[in-house]
Amino acid sequence: ADLAPKMSDEERILFDSIYTKDPSGVFYTRKTRLNSWEKSSLNTLLERNSYSRFSRISYTLTSFRPNLSFGNTDYMSGFLIALIPITFITPILFYRRRAGIKGNIIPILTGVVAVGTIYPLVLSQSTASLIGIYLTAFLFLIPAVIFGFGKFERSRKILMTSVIVGVFVVIPVVLLTIFPEAISAVLPRLSKKLSSPMFAMHDRFNAWAGGWNLFLQHPLFGAGAGTVYAAGFKYISKYFFLYSNSNSFKHSHSEYVEILGEGGIIGLCFFIVLNGWLIYRLVRVFSDKNIDFRLRLLGMGTASGLIA
């Protein structure tokens with residue numbers, strides 16, 4: 001339907017020779033194989049349509065999950081949420097109180113870059129990454145700043161933290177209640193999952209099937225790196241691909257399930273111990289008031305990225 005207005009007569013003939021539409025409006029392929037001319041012509045048509053969509057900012061913001069780097073938008077979003085806390089801390093590290101605006105050009109520029117990192121994260125539409133960075137900011141990063149650097153009494157710190165946690169709960173409710181259309185436009189995947197939570201749960205459980213079944217067969221050491229991809233085709237229902245909200249089964253859509261399937265209990269334990277030890281050491285750095293202020297901030301930012 002999206003391609004139809006942009007087709008020439010020749011392209012329409014090609015399209016009709018490959019696809020047919022049933023009474024309900026669903027397209028099916030007439031052919032299982034295409035000759036070289038059909039492949040080339042169809043690719044040209046699809047690419048032209050993709051470029052025209054990419055040039056429309058509104059479409060890009062609401063519907064486009066760019067596969068621009070890392071080979072996968074989920075990997076890209078995981079990389080971003082690890083860096084976002086540090087990018088927001090960086091302007092503070094470079095800021096000089098008595099230097100004025102001219103003397104703080106670098107902090108201002110790094111602050112702009114920090115805000116800009118949110119845009120590709122929104123484009124990724126990775127629900128887990130968006131929720132992860134949101135939870136980390138309100139439940140760890142901001143409370144840590146209050147307790148670690150705030151020059152207030154303990155009772156006031158507890159009150160401020162409680163208010164912030166309350167705001168963290170209220171903000172999504174208010175946005176979803178008052179501005180549902182805006183949320184649906186900016187975060188369409190998240191909005192869709194919230195509107196159909198049971199479908200979203202089944203969608204995610206099906207994506208976990210490959211890694212989970214590998215773990216059941218190889219519980220101790222797993223089936224080996226890279227085996228989740230093949231297991232996805234073996235264990236996920238063939239009909240699931242028709243309605244899934246997940247667009248890739250090259251991974252389990254869960255780091256823990258994937259490591260459990262490929263590395264077993266031993267691999268998952270190594271993963272948890274390694275990350276747990278790193279977070280513990282970073283929190284120790286952040287909590288030690290004898291350490292330089294900037295190093296404490298870096299420790300907090302790095303720990304926040306790992307937690308997210």
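How many residues apart are W212 and F215 in helix α11, and about how many helical turns separate them? The two residues are 3 apart in helix α11, so about one helical turn separates them. The model in which they are found is predicted.

**Overall make-up**

The secondary structure of the protein consists of 15 helices and 2 strands. Of its 308 residues, 35% are buried. When contacts between residues at least 6 apart in sequence are taken, 64% of them join residues at least 24 apart. The accessible surface is about 19400 Å², and carbon and sulfur atoms account for 67% of that area.

**Nonpolar cores**

The largest nonpolar core has 10 residues: M76, L80, I81, I84, L121, V122, L130, I133, L187 and L190. Three elements, α4 (73–94), α6 (118–124) and α7 (127–149), each give two or more residues to this core. The most come from α4, which gives 4 residues. There is also a second, separate core of 7 residues, and L93, F286, L297 and M300 are among them.

L190, a member of the largest core, is also one of the buried residues of helix α10 (residues 188–195). The buried residues of α10 pack against α7, α9 (180–186) and α11 (197–217).

**Aromatic pairs**

The structure holds 6 aromatic pairs. In one of them, the ring centres of Y134 and F138 are 4.9 Å apart and the planes stand at 50 degrees, so this pair is tilted. Both residues belong to helix α7 and lie 4 residues apart, which is about one turn of the helix. An α-helix has 3.6 residues a turn, so residues three or four places apart point the same way. Y134 counts as partly exposed because its relative accessibility is 25%, while F138 has a relative accessible area of 15% and is therefore buried. The cut-off that separates the two states is 20% relative accessible area.

W212 and F215 make up another tilted aromatic pair, with 5.3 Å centre to centre and 45 degrees between the planes. W212 is partly exposed, because its relative accessible area is 43%. F215, at 13%, is buried.

The table sets out the two pairs.

| Aromatic pair | Centre to centre | Angle between planes | Kind |
|---|---|---|---|
| Y134 and F138 | 4.9 Å | 50 degrees | tilted |
| W212 and F215 | 5.3 Å | 45 degrees | tilted |

Y134 and F138 also belong to one aromatic cluster together with F168.

**A nonpolar surface patch**

Which residues form the nonpolar patch on the surface? The patch is made of L159, V163, V167, V169, V170, I171, V174, L175, I178 and F179, and together they have about 820 Å² of accessible area.

I171, a member of this patch, is found in helix α8. Its relative accessible area is 31%, so I171 is partly exposed. Apart from neighbours within four places in sequence, I171 is in contact with Y134 and F138.

F179 counts as partly exposed because its relative accessibility is 46%.

**L278 and T302**

L278 is located in helix α14 (residues 255–287). With a relative accessible area of 32%, L278 is partly exposed. Along the chain, L278 and T302 are 24 residues apart, and 9.4 Å separates their C-alpha atoms.

Definitions and conventions. Residues are numbered from 1 along each chain as its sequence is written. This is a predicted model: local features need pLDDT of at least 70, side-chain atom pairs count only at pLDDT 80 or more; totals for chains, interfaces and linings use all residues. Side-chain values use heavy atoms; hydrogens and water are left out. A nonpolar core is a set of buried Ala, Val, Leu, Ile, Met, Phe, Trp, Tyr and Cys residues joined through side-chain atoms within 4.5 Å. Buried means under 20% relative accessible area, exposed over 50%, partly exposed in between (1.4 Å probe, protein chains only). Contact means heavy atoms within 4.5 Å. Patches are made of residues with over 30% relative accessible area and no salt bridge: like charges are joined within 9 Å, nonpolar side chains (Val, Leu, Ile, Met, Phe, Trp, Tyr) within 5 Å. Accessible areas come from the Shrake-Rupley method with a 1.4 Å probe; for residues, only the protein chains shown count as cover. A salt bridge is a side-chain nitrogen of Lys or Arg within 4 Å of a carboxyl oxygen of Asp or Glu. Rings of Phe, Tyr and Trp (its six-membered ring) pair if their centres lie within 6.5 Å; planes under 30 degrees apart count as stacked, over 60 as edge-to-face and the rest as tilted.
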